[in-house]
Amino acid sequence: MAFDGVTIANVVSELKKELMGGRLYKIAQPEEDELLLTIRQPKGQARLLISAEASLPLLYLTQSNKPSPMTAPNFCMLLRKHLQNGRITDISQPGLERIVHIKVEHLDEMGDLRHKTLVVEIMGKHSNIIFCDDNGIILDSIKHVTAAVSSLREVLPGRPYFVAHTQDKLDALSAGYDSFKHALAVRPQPVFKAIYGSFTGISPILAQELCCEAEVDGEQPTSALKEDDYKRLYTAFSGMAAAIREERFTPNIAYAGGRPVEFCALPLTMYGYGRGLSEEGSSSDTLRSRDYTVSYSSMSALLEHYYAEKNTLTRIRQKSADLRRIVQTALERNVKKYDLQLRQMKDTEKRETYRIYGELLNTYGYDAQPGAKSLEALNYYTNEMVTIPLDPTLSATENARKYFDKYGKLKRTCEALSSLTEEVRAEIDHLESVSAALDIALREEDLAQIKEELTESGYIRRKGNSKKQKITSRPYHYISSDGFHMYVGKNNYQNDELTFKFATGNDWWFHARQMPGSHVIVKLENAEEMPDRTFEEAARLAAYYSRGRGHDKVEIDYIQKKHVKKPGGAKPGFVVYYTNFSMAIDSNIAGIQLVSE
């Protein structure tokens, strides 16, 4: 999954075509390390998303907008001051580095023409967005890097901008045959590692692709290469360089077993390039069982599709950190309490023995000798002889009373613990279901509803006289291959609403067996029966939106809604049912149409 120099070259090619000459109409900073630029042109407007997030740096064109904070951060305000309504004059990439220069001209306060550069560095945890003047002096950056953080380069206002050279690599676009051969020969490594370790902008997957095209084993050491091998490798390598220079890109995602494994700006023949999801006559089962690639019209479209969900999950996990901590702390506390209660319950199992000892002493106590430490007696419940321990300082009657006292105490403890353990177990189940809801949350509105549930349950204190938050989150809405509407609750409140307010008696209800997960409702509408394929797709949804996500087999219970009941006083999302059907199915929901979130 490499955002390498070739991918950057593809993105830069698209940005040149779409943004050159455009004016910066809006500048927003929706996240701490993310910019969203709206560029207006005669042919319309476009949005450029730039993210310097350490785990997921991105740069691509998008049609989607994102809400911005009420008060813009300082970096955003500085960009607005200098670049608002500025015109983009050039977009470039130095060599095949993972760096993009966006040059903008604008008028200053005096009406004089000025030039500024927005530098985007896509370098993993070192990613940054740096704003420089026309002399290459840093005006500000979205991340400040001090000498304490990096000994190679400071990124601070007033410092000169330069690229720190940490690797001695060759330019892939200008390398000749001799330099290519020498670069590989001096590296005692597998061939594909020598390729991406020697040339700028080449990722491991692209190096393996070059070996595949040249019909050379990329895992063999470079010392095993012959002259013909070098020539075939250079032919593939020079073809790649020519495609980059001529901007002949083919953005595509490679799938293995139905899951995306790699993407590239050039054809990935090693994954069977040319075969895709739209291939006629291929069922979804066939596609899940083989390798294929899917082509996209632009790298931006590919990146938006590929990273949209991953980026959303990364962001929402950060925003839900406090809620997760609250849930995890409460869950650990309740689990410890539950374990302690179970141990105490186990101790009460002796109560019946003490009761029998007391009864037997009342019956046979006259046989006990004064000062005896035990008494052999016939247990008339089992017709077996038992040895009853005695306190030699007490009489048989007093020993019997002592055993009855122990029995009474353990009986009261058992009765109290029985209800307490049920309450704690219900609380654990509830917290686990909230944790599962946090795992599938994709939007801030989803988190708001979960936070409200935790507040209602007493885990979060409502501040002052703050009112209950307005809930805008809605269940997922899917349509099955047979046209049936399927709804998935995102949290316990939505599960209750779907099951007991939205669904009618004959609608079908699905849920993962004995694990936290979403309620799935399939509306029967006017149909008398539901096809098997819809049953399977609904079950897959129930498996996917549960703790069983990613498993090959998940047990799913399904039943008509009229048989699902909610006990009085039960926690949100908790239901009971006594007769049901079951199926074991995977959690792959590829191909199921999502209507809305």
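View A. With a relative accessibility of 63%, Asn383 counts as exposed, since anything over 50% does. Bear in mind that this is a predicted model. Asn383 sits in the loop that runs between β13 (374-379) and β14 (384-389). Its phi is positive, about 60°, even though Asn383 is not a glycine.

**View B. Glu215, another non-glycine with a positive phi.** Here too phi is about 60°. Glu215 belongs to the loop between α5 (204-213) and α6 (227-245). Its relative accessible area is 68%, so Glu215 is exposed.

**View C. Helix α11 against helix α12.** Residues 396-440 make up α11 and residues 444-456 make up α12; the two pack at an angle of about 165°, with axes 10 Å apart. That angle makes α11 roughly antiparallel to α12, and their crossing is left-handed. From α11, look for His430, Val434, Ala437 and Leu438, which meet Leu447, Ile450, Glu453 and Leu454 of α12. Sorted by class, this contact has six nonpolar residues, one polar and one charged.

**View D. Helix α9 against helix α11.** Helix α9 (residues 321-347) packs on α11 at about 155°, the axes being 9 Å apart. So α9 is roughly antiparallel to α11. This crossing is left-handed. The contact of α9 with α11 brings in 16 nonpolar, six polar and seven charged residues.

View E. Asp439 and Arg317 pair up through their side chains, at 3.9 Å from N to O. This one ties together distant parts of the chain: Asp439 is in helix α11 and Arg317 in helix α8 (residues 299-319), 122 residues apart. Asp439 is partly exposed at 29% relative accessible area, and Arg317 is partly exposed at 47%.

View F. The side chains of Asp482 and Arg533 come together at 2.7 Å, N to O. Asp482 is in the loop between β15 (476-479) and β16 (485-488), while Arg533 is in helix α14 (residues 532-544), so to speak a link across 51 residues. Asp482 counts as partly exposed at 29% relative accessibility, as does Arg533 at 45%. Elsewhere, shared partners join Glu31, Glu34, Lys66, Lys319 and Glu444 into one salt-bridge network.

**View G. Glu246 and Arg248.** These residues form a salt bridge, with the closest N and O atoms 2.6 Å apart. Arg248 is partly exposed, at 45% relative accessibility. The count for the model comes to 27 salt bridges.

Note on methods: Residues are numbered from 1 along each chain as its sequence is written. This is a predicted model: local features need pLDDT of at least 70, side-chain atom pairs count only at pLDDT 80 or more; totals for chains, interfaces and linings use all residues. Side-chain values use heavy atoms; hydrogens and water are left out. Helices (H or I, at least four residues) and strands (E, at least two) are DSSP runs, numbered from the N terminus. Buried means under 20% relative accessible area, exposed over 50%, partly exposed in between (1.4 Å probe, protein chains only). Axes are lines fitted to C-alpha atoms, for helices over the stretch in contact, and angles run from 0 to 180 degrees between N-to-C directions. Angles under 35 degrees count as roughly parallel, over 145 as roughly antiparallel, 65 to 115 as roughly perpendicular and the rest as oblique. A crossing is left-handed if the near helix is turned anticlockwise from the far one by less than a right angle, and right-handed if clockwise. Contact means heavy atoms within 4.5 Å. Ala, Val, Leu, Ile, Met, Phe, Trp, Tyr, Cys and Pro count as nonpolar, Asp, Glu, Lys and Arg as charged, and the others, Gly among them, as polar. A salt bridge is a side-chain nitrogen of Lys or Arg within 4 Å of a carboxyl oxygen of Asp or Glu.
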